[in-house]
Amino acid sequence: MALPQKHFKRGSTKPELPEDGVPRFFSMAFCPFSHRVCLMLTAKQIEHHKIYVDLIEKPEWYNDFSPLGKVPALQLTGVKDQPTLVESLIIAEYLDQQYPQTRLFPTDPLQKALDKILIERFAPVVSAIYPVLTCNPNAPKDAIQNFENALDVFEVELGKRGTPYFAGQHIGIVDYMIWPWFERFPSMKINTEQKYELDAKRFEKLLKWRDLMTQDEVVQKTALDVQLHAEFQKSKTLGNPQYDIAFKGTP
């Protein structure tokens, strides 16, 4: 369904959503966790209604759909009581089981558990680089060092697996769950004084993986330009996040 290409904010009218059994995906265009769910929905070609939410000035009616006020949120309108799922990994696992076409989680229970652990190990990567990625002027001096140390885990793991993707010869759940941040990392070349880029030697395998991922049709369909990511982060630093620049050039 073609809903308005804008982020609903405080004071906005609640959108009219059809009761057609189609999932409702509540998102924020620049949220990497929402991006995870977007990749899942796109990979599995799941019809859905997408509603964008301003996270600073959340609309009053949003708690009707997501009691925690978080994105991503996925309301399942086709089941009893129309429950809403939150947390990107919970949503991803639900979608993989409910829509078994294009399986992304491993079918082997042990490998599935190991992959979920690996995804959780990406949290230190995110927490270390977040102040730099979001242009925080008070970012710790050792933020980049901590980020690179945490990212080493993934460079080493990709080498151990000896395959182009973390899932093997084809893209899988680990690849899609960590991808949103790799789409955003290049914005640091624009927004940081040192024009930061990942070290080509230290992260040789990850950079080859990144290049392969950019060729994936699902990644391309869900991508935002690095310049938009950089502009958005700058606007956040100025205290006025411009969510709707994601829709530049769209009708």
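Two strands pair if DSSP finds at least two bridges between them. Strands (E, at least two residues) and helices (H or I, at least four) are DSSP runs, numbered from the N terminus. This is a predicted model: local features need pLDDT of at least 70, side-chain atom pairs count only at pLDDT 80 or more, and totals for chains, interfaces and linings use all residues. Residues are numbered from 1 along each chain as its sequence is written, and side-chain values use heavy atoms, with hydrogens and water left out.

**View 1. The sheet is open and has 5 strands.** The strand order is β1-β3-β2-β4-β5, and the pairing is mixed. β1 (7-8) and β5 (84-86) stand at the edges. Each has a single partner strand, so one side of each is left without a neighbour in the sheet. β1 pairs with β3 in the parallel sense, over 2 bridges. There, His7 stands opposite Tyr52 of β3. Ala73 faces Val86 in β5 as its opposite residue. Strands of a sheet pair through backbone hydrogen bonds, either parallel or antiparallel.

**View 2. Strand β2 is covered on both faces.** Buried means under 20% relative accessible area, exposed over 50%, and partly exposed in between (1.4 Å probe, protein chains only). β2 spans residues 24-27. Arg24 and Phe26 lie on one side, Phe25 and Ser27 on the other, and all are buried. β2 runs parallel to β3 (residues 49-53), joined by 4 bridges. The bridge partner of Phe25 in β3 is Lys50. In β3, 4 of the 5 residues are buried, so this strand is largely enclosed by the rest of the structure.

View 3. Domain bounds come from an automatic or database domain assignment. Here the assignment gives domain 1 (24-102) and domain 2 (109-237). Their C-alpha centres lie 22 Å apart. UniProt, in an unreviewed entry, lists residues 21-103 as "domain: GST N-terminal". UniProt positions are given in the numbering used here, feature names are shortened, and annotations may be inferred rather than shown by experiment. That span is 28% helix and 18% strand, and its end C-alpha atoms lie 23 Å apart.

**View 4. The largest nonpolar core has 54 residues.** A nonpolar core is a set of buried Ala, Val, Leu, Ile, Met, Phe, Trp, Tyr and Cys residues joined through side-chain atoms within 4.5 Å. Phe122, Tyr176, Phe182, Phe185 and Trp209 have the most contacts inside this core. Helices that each supply at least two of its residues include α1 (32-43), α5 (143-161) and α8 (204-213). α6 gives the most, with 8 residues. Domain 1 and domain 2 each contribute at least three residues to this core. A second, separate core of 23 residues includes Phe26, Val71, Leu224 and Leu228.

**View 5. Helix α6 is largely enclosed by the rest of the structure.** How many residues of α6 are buried? The count is 12 of the 12, so the helix is largely enclosed. Among them are Ile173, Asp175, Trp179, Trp181, Glu183 and Arg184. Phe182 is also buried. Leaving aside neighbours within four places in sequence, Phe182 contacts Phe122, Leu151, Leu198, Leu206, Trp209 and Arg210.

**View 6. Asp216 sits in the loop between α8 and α9.** Is Asp216 buried or exposed? Its relative accessibility is 17%, so Asp216 counts as buried. The side chain of Asp216 reaches the backbone nitrogen of Val218 at 3.3 Å. This is a polar contact: a pair of N or O atoms within 3.5 Å; within protein, one must be able to donate a hydrogen and the other to accept it, and residues adjacent in sequence count only if both atoms are side-chain atoms. Beyond neighbours within four places in sequence, Asp216 is in contact with Ile171 and Tyr176. Asp216 and Ile171 are 45 residues apart in sequence, and 8.7 Å apart in space, C-alpha to C-alpha.

**View 7. Thr134 lies in the loop between α4 and α5.** Thr134 is buried, with a relative accessible area of 11%. A polar atom of the Thr134 side chain lies 2.6 Å from the backbone oxygen of Tyr130. Not counting residues up to four places away in sequence, Thr134 touches Gln233, Lys236 and Thr237.

Terms used: Contact means heavy atoms within 4.5 Å.
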